[in-house]
Amino acid sequence: MTADHDLERDCDVVSSMTRPSREREFNLSHRQQVRINIALRGTWHAIFDPCPSLQEIDDENNGVIFRPFMEWAYEHGHPLDWTLHLSVYDWRGQSPLVGKLSKKVCREVRAVAAAQWAAFDRSSFLGIAIAHSSDPTWTVAFKARNVHLIRTVEEIDIGSPPAPPEHGFGYFLIPSWKLETFPGWTLLNNVASQN
């Protein structure tokens, strides 16, 4: 157990704010423990609030997603960026709960990831398309053309689309409002190879 006097500043515990197992190292009465809990709660809400299907799986199975995923993400230096939900889905797919990851869940996590990208990306690209190897549809989102317009995320059926990503999730960025050619998929890191 870490002594209270060793934790005088928040920067002393910042590395623990995304690692649930570190909670045991601090006294429950310590103010940094509260901050760790708040940081973890914020991440929990970031994962589950926009993806109720993931929360249903977690609730039905006694919390098997959040804490183990956060440990894995910490150990592998995984960014908690727009790819977060895709990574949770992919990581969970390497478990006995793979059967609970329905097409509905897959589409939901793609929609959240696309919306996150469209909201926070600052590159010159205007849109993103995300697909999964198990589903022929694409999830597409564009940045809003001005601040008064809302962003939309759409599930589109291409008709005769190019082959989906080979394994797991793939995406490509769209440089203009009209897609002239299919640029090919950029694959996300393969979670299975990192376990």
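Predicted model: local features only at pLDDT ≥ 70, side-chain atom pairs only at ≥ 80, totals over all residues.
**Strand pairing and nonpolar cores**

Let me start with a strand pair: E4 and strand E5, the latter covering residues 186-187, run antiparallel and are joined by 2 bridges. Within that pairing, tyrosine 171 stands opposite threonine 186 in E5.

As a general remark, nonpolar side chains in soluble globular proteins tend to be buried together. In this model the largest nonpolar core contains 34 residues, and the ones with the most contacts inside it are Ile47, Leu54, Phe69 and Ile130. At least two residues of this core come from each of the helices H1 (31-48), H2 (52-60), H3 (66-75), H4 (84-92) and H5 (103-120), and likewise from each of the strands E1 (127-132) and E4 (169-174). The largest share, 8 residues, is supplied by H5.

Apart from this core there lies another one, made up of 7 residues, including Ala131, Trp138, Val140 and Trp185.

Let me close with one residue in particular. Which residues does phenylalanine 69 contact, if we leave aside its neighbours within four places in sequence? With those neighbours set aside, phenylalanine 69 is in contact with Ile47, Leu84, Ser87, Val88 and Trp91; of these, Ile47 is, like Phe69 itself, listed among the residues with the most contacts inside the largest core.

Notes. Residues numbered from 1 in each chain as written. Heavy atoms only, no water. Core = buried A, V, L, I, M, F, W, Y, C linked by side-chain atoms within 4.5 Å. Buried < 20%, exposed > 50% of the residue type's maximum accessible area, 1.4 Å probe, protein only. Helix = DSSP H or I, 4+ residues; strand = E, 2+ residues; numbered from the N terminus. Contact = heavy atoms within 4.5 Å. Pairing = 2+ DSSP bridges.
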